[in-house]
Amino acid sequence: MATYKKKYKAVGKKQENQIDESEYETAGVLNTLDETASKSEQWIEKNSKPLFTALIAVVVIFLAYLGYNKYVVEPNETEASNELAFPRKYFDEAATAGSGIDSLLTLGLEGADGKYGFLDIAESFSGTEAGNLANYYAGVSYLQMKKYDKAIEFLSKFNSDDEMLGPVSLGAIGDAFADINQPKDALDYYEKAANKKNNEFTTPLYLFKAGQIAMDLKDYSKAESLFSKIKTNFSKSDQGRNIEKYIAAAKYAN
């Protein structure tokens with residue numbers, strides 16, 4: 001009978017070889033890491049002075065920023081806010097006065113008795129919130145005085161995300177353009193005012209004004225769209241109560 005010899009795999013040897021190769025790979029990685037770390041250390045050592053200088057510069061800039069805010073910006077804001085109280089008194093009086101409004105508004109704009117008016121505050125404190133507000137008050141004052149170019153100039157300098165002041169300032173520019181017979185510009189600003197903030201007062205008000213201007217421009221489809229927004233979203237507002245007749249007027253004028 002023929003006999004067969006079993007072949008045995010040299011398992012131990014293969015594993016031993018695998019272990020040796022693994023050790024070589026590990027050693028190689030460690031050597032690479034050591035070389036990289038050594039190069040990094042050399043680079044840091046070589047550039048330690050510039051790095052330290054850069055760090056100091058960053059710290060100095062940061063401290064300067066904090067100091068500027070504390071010792072320049074904040075005192076400036078406080079001073080500007082205090083200055084704003086004087087012309088606002090005349091602005092508020094003009095709002096309730098039966099006559100002599102222009103003289104009160106002029107005092108607010110130009111100041112008196114050594115006190116700043118809105119124009120001075122807007123110029124001298126231009127980087128402050130009070131200086132920004134001074135532009136608004138100056139613009140509205142000029143609008144009431146029918147000095148429309150000046151009104152547009154100062155209102156355009158004012159910027160606010162306030163729920164009311166933001167839309168109202170844009171709407172006031174629209175009013176100025178409407179009064180100098182520039183209806184396309186008026187329509188543009190009324191739409192901006194309506195879209196600035198979504199609330200129950202300014203949004204329907206300026207949608208309605210925009211719709212009226214669109215009617216004057218014979219852009220009846222736009223007018224219908226603007227009036228319809230009031231019906232859909234602001235039916236309980238002052239403008240929404242009788243909005244159906246304006247929608248009908250725009251619809252049948254097409």
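This is a predicted model: local features need pLDDT of at least 70, side-chain atom pairs count only at pLDDT 80 or more; totals for chains, interfaces and linings use all residues.
Residues are numbered from 1 along each chain as its sequence is written, and side-chain values use heavy atoms, with hydrogens and water left out.

Two packed helices are described by the angle between their axes and the distance between the axes. Helices here are DSSP runs (H or I, at least four residues), numbered from the N terminus. Axes are lines fitted to C-alpha atoms over the stretch in contact, with angles from 0 to 180 degrees between N-to-C directions.

The axes of helix α8 (residues 183–196) and α9 cross at roughly 160 degrees and come within 8 Å. The two helices are therefore roughly antiparallel, a term for angles over 145 degrees. In their contact (heavy atoms within 4.5 Å), residues of α8 including Leu187 and Tyr190 meet residues of α9 including Leu207 and Ile213.

Helix α9 (residues 202–216) also pairs with helix α10 (residues 220–233): their axes come within 8 Å, crossing at roughly 160 degrees. Accordingly, α9 and α10 are roughly antiparallel to each other. Among the residues that meet are Phe208 and Met215 in α9 and Phe227 and Ile230 in α10.

Elsewhere, Asn135 lies in helix α5 (residues 129–144). Leaving aside residues up to four places away in sequence, Asn135 touches Ala122, Phe154, Leu155, Lys157 and Phe158.

Terms used:
Angles under 35 degrees count as roughly parallel, over 145 as roughly antiparallel, 65 to 115 as roughly perpendicular and the rest as oblique.
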